[in-house]
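I opened this entry to keep a record of what I looked up, beginning with the overall fold and then turning to the aromatic side chains.

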Amino acid sequence: MGRNSYFLLLSLLIATANIALGGNFNQDFNILFGGNNAKIQDGEGSMSLQLDRVTGAGVVSKNEYLFGRFDMQIKLVPGNSAGTVTTFYMSSIGPNHDEIDLEFLGNLSGDPYLLSTNMYANGIGGREVQYYLWYDPTADFHTYSIDWNAQRIMILVDNIPIRVIYNNQRIGVPFPTRQAMKIYITLWNGDDWATRWGQVKIDWRRAPFIANFRNFNANACVPNGRATNCKNFNAGMNKGLNAADLKKMQEIRSKWVVYDYCHDFRRYSHGLPNECRIRRKGNSNSLQKVHKSSNSHQKVHKSKA
């Protein structure tokens with residue numbers, strides 16, 4: 001491609017949608033709560049959030065996004081993290097809000113962290129799928145990603161897809177396609193529900209609790225009041241899963257899922273949600289076996305900023 005053709009293509013792309021690329025916490029985020037408990041470091045490329053007896057901490061993105069790929073490297077609270085909640089999620093504003101959640105629920109030393117994923121669309125949630133993490137998320141940084149377009153939402157860990165939520169609006173299932181969302185990163189006290197349904201409380205003798213974040217990246221559309229600009233934005237990502245991705249996702253789900261709303265027959269005693277009945281290749285709701293655990297966190301909850 002010649003120089004002139006390149007700049008013409010770039011101009012057309014910018015005219016269609018604004019692409020935001022992250023990497024600087026001061027430029028990309030505002031303090032949401034916690035004041036000095038949110039510390040931006042290393043030339044503004046990394047951040048730590050701290051939870052103490054007084055407060056937790058959180059930041060919110062300056063931009064609103066409508067579709068894109070969002071990556072964050074996180075090292076979670078080490079040791080006895082019971083009762084702590086670390087989040088990386090997206091949400092719009094208003095009573096009929098959209099939301100895509102990754103919540104990391106702490107546990108007693110030696111017990112695995114639990115990753116709770118969820119989605120709200122037009123104010124309707126209740127789509128939790130929860131996993132025990134198959135590695136120590138406190139020993140090093142791992143990359144957690146939300147890849148969202150009009151066809152599906154993909155959640156990835158270290159670039160391995162663990163869940164896909166497809167757009168099933170054609171059968172009356174709400175899906176986030178119209179409301180721009182901001183990114184929230186928080187650490188707070190959730191010991192009334194987070195660990196074993198609230199039976200295990202925070203051990204404040206171990207405070208402060210600290211989670212670390214770095215290398216935020218957003219290859220995403222900033223609508224600037226014109227959602228139609230983002231309608232076909234896909235950031236060059238695949239819309240579905242290839243065979244290798246599907247195999248990896250199925251392996252993780254068969255071993256590490258501890259709760260799937262599509263298998264909660266007590267909660268949905270009068271019938272599962274419509275999307276749970278659909279069999280689609282790569283659909284994250286196609287799990288045939290859900291492991292039960294006395295330590296699983298099967299309480300339904302909503303993310304808090």
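**Whole chain.** I am working from a predicted model, and I began with its secondary structure, which comes to three helices and 16 strands. I then looked up burial and found that, of the 305 residues of the chain, 54% count as buried. For the surface I noted that the chain exposes about 13900 Å², with carbon and sulfur atoms supplying 49% of it. Turning to contacts with a separation of 6 or more, I noted that 70% of them come from residues 24 or more positions apart.

**Aromatic pairs.** I searched the whole structure for aromatic pairs, and the search gave nine. I checked where the two residues sit: Phe67 is in the loop between strand 5 (57-61) and strand 6 (68-75), while Trp148 belongs to strand 11 (residues 142-148), so that the pair links distant parts of the chain, 81 residues apart. I also looked up their accessibility, and Phe67 is buried at a relative accessible area of 2%, while Trp148, at 1%, counts as buried too.

**A second pair and a cluster.** For Trp188 and Trp193 I found ring centres 6.0 Å apart and planes at 50 degrees, so this pair is tilted. Both Trp188 and Trp193 are buried. Last, I noted that Phe25, Phe29 and Phe216 form one aromatic cluster.

Methods:
Residues numbered from 1 in each chain as written. Predicted model: local features only at pLDDT ≥ 70, side-chain atom pairs only at ≥ 80, totals over all residues. Heavy atoms only, no water. Phe/Tyr/Trp six-rings, centres within 6.5 Å; stacked < 30°, edge-to-face > 60°. Helix = DSSP H or I, 4+ residues; strand = E, 2+ residues; numbered from the N terminus. Buried < 20%, exposed > 50% of the residue type's maximum accessible area, 1.4 Å probe, protein only. Contact = heavy atoms within 4.5 Å. Areas by Shrake-Rupley, 256 points an atom, 1.4 Å probe, with all protein chains shown as cover.
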